[in-house]
Structure formats: structure tokens, C-alpha cells
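This briefing goes through one protein model by topic. Have the sequence and coordinates open while reading.

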Amino acid sequence: MAPIAAIEYFRVPPRWLFVKITDSLGHTGWGEASLEGHTQAVEGCLDAYRERYVGMNADEIEHIWQTTWRLGFYRGGPVFMSALAGIDIALWDLKGTVLA
């Protein structure tokens, strides 16, 4: 698969947050990173991840997950895990889209 070109997120009232990952070939994958009442905190986490993962191979889903989990000082927690889940789901959706 192609490298990750963009990681975007979209807040949809009243409580949802969706993550869109686009690869360099224009394929997209969508994930959900909702955490009711803490959307802006999850967005901040996604901003930090965006800087780290744009340019990485979109096919390295497990590597991206493990890197995210192991490199952070504070592991777990609802904000961290919601952001990670949104990226993970979007990458698997992207892979399914490319393989379909």
C-alpha cells in the first residue's frame, strides 16, 4: 500500500468524531474516535499522531499501533485509546478499500 498522505478528523454533533486517512494514491479509510464530552482532547491527540504518521506506509497497521502504544509515557486512558482506535479502524478500512 501507499504511504499515508493525510490524517483528518471531523466532529459531527452531537457527539461523534470521525478520522479519515488518505494515502498518496487517494484511497481513503474511515474510523471513529468518539469520546463523549472530550472531543477536543481526542483531537489534540490526533494532531500529535498526524505529525508522527504522515509518510509512513499505510500497510504497517500493527507497527503503527504498537509504536503508538509503546512510545507514549502515559499509556491507556480514554482519550489516548479513542484516538488510537480511530486511527486503527481507519487504517483497516483503508486496507479493505484497497484490496476490494
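The model is predicted, so local features need pLDDT of at least 70 and side-chain atom pairs count only at pLDDT 80 or more, while totals for chains, interfaces and linings use all residues. Residues are numbered from 1 along each chain as its sequence is written, and side-chain values use heavy atoms, with hydrogens and water left out.

**Sheet**

- Three strands make an open, antiparallel sheet in the order 1-2-3; strands (E, at least two residues) and helices (H or I, at least four) are DSSP runs, numbered from the N terminus.
- Two strands count as paired if DSSP finds at least two bridges between them.
- Strand 1 and strand 3 (28–32) are the edge strands, each pairing on one side only.
- From one strand to the next, the twist averages 20°.
- Helix 3 (residues 78–99) packs on the sheet and touches strand 1, strand 2 and strand 3, where contact means heavy atoms within 4.5 Å.
- The direction of helix 3 makes about 145° with that of strand 3; axes are lines fitted to C-alpha atoms, for helices over the stretch in contact, and angles run from 0 to 180 degrees between N-to-C directions.
- Strand 2 (residues 16–23) is joined to strand 3 by five bridges, and the two run antiparallel.
- Among the facing residues, Val 19 stands opposite Gly 31, and Lys 20 has Trp 30 as its bridge partner.
- The covered face of strand 3 holds Gly 29 and Gly 31, and the uncovered face holds Thr 28, Trp 30 and Glu 32.

**Salt bridges**

- The whole structure has four salt bridges, each defined as a side-chain nitrogen of Lys or Arg within 4 Å of a carboxyl oxygen of Asp or Glu.
- One of them joins Arg 15 to Glu 36, with the closest N and O atoms 3.3 Å apart.
- Arg 15 is in the loop between strand 1 and strand 2 and Glu 36 in the loop between strand 3 and helix 1 (39–53), so this pair ties together parts that are 21 residues apart in sequence.
- Arg 15 is partly exposed at 35% relative accessible area, whereas Glu 36 is exposed at 57%; buried means under 20%, exposed over 50% and partly exposed in between (1.4 Å probe, protein chains only).
- Arg 50 bridges to Asp 47, with the closest N and O atoms 2.4 Å apart.
- Both Arg 50 and Asp 47 lie in helix 1, three residues apart, about one turn of the helix.
- Arg 50 is partly exposed at 29%, and Asp 47 is partly exposed at 27%.
- Asp 59 and Lys 95 form another salt bridge, with the closest N and O atoms 3.2 Å apart.
- That pair links distant parts of the chain, 36 residues apart: Asp 59 is in the loop between helix 1 and helix 2 (61–71), and Lys 95 is in helix 3.
- Asp 59 is partly exposed at 31%, and Lys 95 is partly exposed at 24%.

**Backbone geometry**

- Most residues other than glycine have a negative phi, and most peptide bonds are trans.
- The peptide bond from Pro 13 to Pro 14 is cis, with omega near 10°.
- Pro 14 sits in the loop between strand 1 and strand 2.
- Strand 2 and strand 3 form a hairpin with four residues between them, and Gly 26 in the turn has a positive phi of about 95°.

**A buried alanine**

- Ala 58 is in the loop between helix 1 and helix 2 and is buried, at 0% relative accessibility.
- Ala 58 touches Met 1, Ala 2, Pro 3, Ile 4, Leu 91 and Leu 94, not counting residues up to four places away in sequence.
- Ala 58 and Ile 87 are 29 residues apart in sequence and 11 Å apart in space, C-alpha to C-alpha.

**Surface patch**

- Phe 10, Val 12, Trp 16 and Trp 30 make a nonpolar surface patch of about 340 Å².
- Patches are made of residues with over 30% relative accessible area and no salt bridge; like charges are joined within 9 Å, and nonpolar side chains (Val, Leu, Ile, Met, Phe, Trp, Tyr) within 5 Å.
- Accessible areas come from the Shrake-Rupley method with a 1.4 Å probe, and for residues only the protein chains shown count as cover.
- Val 12 lies in strand 1 (residues 4–12) and is partly exposed, at 33% relative accessibility.
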